Amino acid sequence: MAYPTKITEFFGEDLFRLLGPKTERKSWHSLSFKEQEARKKNIPVYISTRKLGKTPSFVDILFECFKQLTLLGDKNPLMGIELPFYESLADAGEQLNMPIMNSALVPTDNLVKNAEKQRDVFLAHILLDIVFQFQPGLVFPGAGRKDSKGRIFVNDAQHRSLACMILGIDHVPLNYIESDDEYWDVQQYAAININSLQCSEFDRYRIRTQRAETSIEAGYEVDPDDQVAWDMSQVFDQNEINVTEKGDSTLDTKAKVLTGIGNMTKYWKEYGPEIATRAIQINAQCFPNSVFQTANSWGLMEFLKQQTHTNAMELDYEIQRAIKVMLPRDNQGNRLHSMIKTACKEQIEDKSLRWEPVVIAEGIRQIVQEYCEADIDWVTPKWPEPKVQYHFELSLV
Amino acid sequence: MCNDFDSVNKLIQQTKDNPFRGLDDATYINESVWRDFAKHKDLKRVRVLDLQYKYRWTDEQVERMYAKTPDGWTDDFGVYRLFDFGKGENKVCSEDGIDRQLHEPQHDHITSRSEAKDKGWSEKEINDPDNIQYISAIQNLMKNYFNKEQWKAVSPTILSLFPVDR
C-alpha cells in the first residue's frame, strides 16, 4: 500500500512538498520540547471540509489537510519532519513490535473490566441515554484487550455493553488486541478518553439539527435537545445568521456569524423560545454587519423577560429603534454589550461583574428610556440579590 | 466672500443645540470622547480632544487649548462666522466650497513646524497649545502659502489687481 495517487501526484511520492527533502528530515521525537511547542502552535486547529462538497472522500479530506499545511510556507509544522510509513496495520504491528486491533462480535460472558484502570459505571447514562433510547445501529464497537485466558478487558464501551446485556443481548461488537500486558488497558482508555477530539458545541448543534430533520423525515420521535437545536436553526435561518465553528477562517464575511452556539443554546433553554426568538431578531436586525454577539441577545432576553407591555411587536420595534439611535452603525454589535459592561465596571466596586445579563439588560433599559419616543412603561430589570444592586449610568446624549 | 453666513451660522447653532445622539466614531472619535461629550455637550471640546490624541496632550493642555479657542471668527467686513466644530454626523458644511472654507476650523501652528525646527524647538514645544490656534480653513490655506514677509510686501497690492467694481 502507498499514499493515494491524488496525494502523490501533488505532494510527491515521498511527500516532498509537505515534508521537504528526505535527507533533511528528523523524527518528531528528536525535536527539543521548545521546537515541538513552536511547531504545535502552527498546526491549524480547524480545517473546514464543507467546501469539499456533500460527501468528500477521505482522500480529498487528507489532500485538503496537507494542502493547508503546505500553504503555511515556512510555518508548515511538518516541514523537515520524518513521518513513519507502514504498508498496513499488520506491518505497523510488526515494525513496532505491538499487537494490532481485531474486530468481532464477542460473547458478553467473556467480558471483564480492569477496575483499577477503568472508570466506574454511570448507571443513569446506561438507562437514560442508551437503554431508553436504544438503537442497535448505534452500538459501535468498543475497544478492549483479550488475554491468553480468553478474557476480554473492555477499555471502552462498558456502558454500551452493559446496556446491551440489560436488554438481553449476549454478543456485542468489540475491537480488541491480543495481549497479556495491562499497559494496553491504560493506553486504550487514555487514547479514547483523553486524546480523542471532543465534540464541539457547534458540532453538537449541527448534528442535533440534522438528527431532528432526519428523525422527522423518518417518522421517529425527536429528541428534546434536538428539537431545541432545530427550533433555533429555524430562527437563525430566518434572520440569516450563520452558525459556525470557532476559528473557521474560511468565511468571506463576519456579518451575522455566530460562533457561540453553546451559549445561545443555554440562553434559549433558560428564557424560552418566544423571548429568545425576539431577542435574536432584535440583535440581528440592529447589527446586520456585525459578528452576532450572543451577549447582546442574552441581555435582551433578560430585559424582555421583565417587560409587561402587551404588544410584543411594538415593544421590540421600539427597543430596536432606540438602540439604533444610540448605535447607528450596522457593525456596532460588539459596542452594545461592551459599552454597558465597561460603564458598569468603572462605576461599581465589584469588578467581577456578576449577573452579566442583568447588567446588559439594565444598560438596554437606560438606552430605551433615553432614546425611545413611544409611550411605553419600561420595567427595570430585577437584580438577583436586591440588596446588592449595581448602580451605574451610561453616558447618553 | 459672500456666503449665506446667516443660514450657516443658524445651522451650526442648531447642531450645537441638537447634536447627533449616536455613538459613532466618525462623529465622536471614541467612547472616551463620547463620554466627555455626554457630560459637556460641547462640540468644540470634541475637536480639542481630537488634538489631545494627535499631540498626546495632558488634561491641562487640553483645558488651555479649549480656553483659548474662540467659537468663531470675524472677517474684515465685520461678518462673524461660527466655527463648524462638529465632526461626522455633526458637520454642517460637509461639502467642499465657500461655506466650508469660511466655517471649518482648522488647527494651525502659529510658528510653523519647519520654522520652529530651524529655531531648535522641541516637538513638545512645537505642538504645545501655546503654538496652536484654530483658524478658518480659508485663513489656513492663505497662511500656508506665504510667510509673514511675503504677506506684508504683497497682500496690500493684490486688491488693486482686480477689476474695479462698477
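A polar contact is taken here as a pair of N or O atoms within 3.5 Å, where within protein one atom must be able to donate a hydrogen and the other to accept it, and where residues adjacent in sequence count only if both atoms are side-chain atoms. The model is predicted, with local features requiring pLDDT of at least 70 and side-chain atom pairs counting only at pLDDT 80 or more, whereas totals for chains, interfaces and linings use all residues. Side-chain values rest on heavy atoms, hydrogens and water being left out, and residues are numbered from 1 along each chain as its sequence is written.

Across the interface of chain A and chain B, 11 residue pairs are in polar contact, both residues being at pLDDT 80 or more. On the side of chain A that touches chain B, the elements giving two or more residues are helix 14 (312-326), helix 15 (333-347) and helix 16 of chain A, helices being DSSP runs (H or I, at least four residues) numbered from the N terminus. Helix 15 of chain A provides the largest share of that side, three residues.

Six salt bridges are found across the interface of chain A and chain B, each a side-chain nitrogen of Lys or Arg within 4 Å of a carboxyl oxygen of Asp or Glu. Arg335(A) forms a salt bridge with Glu31(B), for which the closest N and O atoms are 3.0 Å apart.

In contact (heavy atoms within 4.5 Å) are 14 residues of chain A and 14 residues of chain B.

Terms used:
Chains are lettered from A and ligands numbered from 1 in the order in which they are written.
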